[in-house]
Amino acid sequence: MYQQIAQNRRNSFFLILIILILLLLCGYFIGEAAGFGLWGLFISLAVSALLISFSFLGGDKAVLAASLAHSIEKKDNPQLFNVAEEMSIASGLPVPKIYIIDDTAPNAFACGRNPESASIAVTSGLLSKLNRDELQAVISHEMSHIKNYDILYATLIAVLVGTVALLCDFAWRSMRYGFIGGRRRSSGSSSSGPAVLIVFVIAILLSILAPLFAQMLRFAVSRQREYLADASGAQLTRYPEALASALEKISQDKEVLEVANRATQHLYIVNPIKPFETRAQNNIFSTHPPIEERIRRLRQM
Amino acid sequence: MSVLIILIAVAGILILAVILAYNNLVQLRNRVRNAWSQIDVQLKRRYDLIPNLIETAKGYMQYEKEVLENVTKARSMAMQAQGPAEQAKAENALTQALKSLFAVAERYPDLKANQNMLALQEELTSTENRISFARQHYNDQVMTINTAVESFPTNIIANTFGFKKEQFFEVAEEAERKPVKVQF
């Protein structure tokens, strides 16, 4: 269990490092080729950060509203609150706000930029189909997302990926409209013909491939954080079988979660968009790892 | 001249590192103490729930006076217990008494269906869980601080400023090691 946790953290760290390196490479080569140097990088970063900060700051309310979640009090469902409060004791975190989504499909998600302002939403289907231990396992998975600051993590990665996309976009435009002018304008470049050409070619390759690669990395990080949330959740309950069994029940359920869409699918414990879930076997573009693999890792603990 | 600057910079970094390590140890130690007191909070919660349980059950279980009395007695003993070993023994006895009560309650369908009783069962199950999670959390915090106190180079700072390894919460007696699966 501890090994899995350490492994997942290491993997996420390396993936982010790769994204950063990619970003710097793009910043350098594209900047050189298009003539705006590293300024391109800084401006893209600023714009990306600005755009995403809106979703970061107002994010939870938007997501909760879009998912038609309504908040409940302890007396509406004492067991759910007890389960959450027990996890709060085990983790040392404050109890998050609890929401319910009226849908028979079993699923759950967590949102919130830090443990003090976090929320967890659970479908009514989940409440009716899982037993107490399985419900606790799902809640512990969600609280682990909060504990590991995964929302913040995902936002940072979104900023980086957005920066890569913006930068490559700028480059493409400026190269299309004025690359000859760009080269002449960059008075600082004293390199000879062939070197400039190589830089240029690399820049073009990067501007096409980098955004794609960055997205793949982002999905890879998302999958690592899901494994990490599974393992951290098991650390809280010390009962991985409950989560394995809960995942089995959720994956075998045929109901479709109506409020889920492509924008929110990555937040749920199991991808609510059925085709995405079944395709997830070895897909590098999926936000969640394959459920069989998640269950296998849990049972191996 | 530049050698002097480098020496001062290095000294500055070292002092900063020591301060950060010290503060981290302080935080870890306080978390351990907090986690310990949280266990008591959950134990008290159980004491408070029990009288309500007795009242609810009494009406239906007129012929089971002994079982009810056992619970009440076990509760007072647990509340008066001194020291961790005695406390652990008394708490275990209380858990056993509660188990007997719920086992007997199975034979009274009216009581089983009673809404109050169901709510109390959920609350008591939750309380037993909370007690174990509180102990688990305490042990996790102890593990964290012990690792910090034992690892290099934090151990130097720990020894200098008197941070000790903390004690795990362990069951003292052999009998208590048997799994107490609380299923009300």
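Four nonpolar, one polar and two charged residues make up the lining of the second largest cavity; here Ala, Val, Leu, Ile, Met, Phe, Trp, Tyr, Cys and Pro count as nonpolar, Asp, Glu, Lys and Arg as charged, and the others, Gly among them, as polar. The model is predicted, and local features need pLDDT of at least 70, side-chain atom pairs count only at pLDDT 80 or more, and totals for chains, interfaces and linings use all residues. Residues are numbered from 1 along each chain as its sequence is written, chains are lettered from A and ligands numbered from 1 in the order in which they are written, and side-chain values use heavy atoms, with hydrogens and water left out.

The lining of this second largest cavity consists of Phe102(B), Ala105(B), Glu106(B), Leu111(B), Lys112(B), Met117(B) and Gln121(B). In chain B, H3, helix H4 (109-113) and H5 each contribute at least two of the lining residues, helices being DSSP runs of H or I with at least four residues and strands runs of E with at least two, numbered from the N terminus.

Across the whole structure, the search returned two cavities of 30 Å³ or more. On a 1 Å grid over the protein atoms alone, a cavity is a set of points where a 1.4 Å probe fits but cannot get out, a pocket is an open set with protein on both sides within 12 Å along at least five of seven lines, and lining residues have an atom within 4 Å of a point.

The largest cavity holds about 80 Å³ of space. Around this cavity stand Trp36(B), Ile39(B), Asp40(B), Leu43(B), Pro84(B), Gln87(B), Ala88(B), Glu91(B), Arg135(B) and Phe169(B). By class, the lining of the largest cavity has six nonpolar residues, one polar residue and three charged residues.

Turning to open space, the second largest pocket has a volume of about 870 Å³. Its lining counts 32 residues, and those closest to the pocket centre are Ile151(A), Ala154(A), Thr155(A), His266(A) and Leu267(A). Chain A supplies at least two lining residues from each of helix H2 (39-66), strand E3 (108-111), helix H5 (132-147), helix H6 (150-185) and helix H7 (193-237). The pocket lining comprises 15 nonpolar, nine polar and eight charged residues.

Most residues other than glycine have a negative phi, and most peptide bonds are trans. Leu68(A) has a positive phi, near 55°, and sits in the loop between H2 and strand E1 (69-71) of chain A. With a relative accessible area of 59%, Leu68(A) is exposed (over 50%, with buried under 20% and partly exposed in between, for a 1.4 Å probe and protein chains only). Tyr149(A) likewise has a positive phi, near 55°. The loop that holds Tyr149(A) runs between H5 and H6 of chain A, and Tyr149(A) is partly exposed, at 37% relative accessible area.

In chain B, the peptide bond from Phe152(B) to Pro153(B) is cis, with omega near -5°. Pro153(B) belongs to the loop between helix H5 (115-150) and helix H6 (154-161) of chain B.

Notes
Grid points are joined across faces, edges and corners, and a volume is the space filled by probe spheres set on the points.
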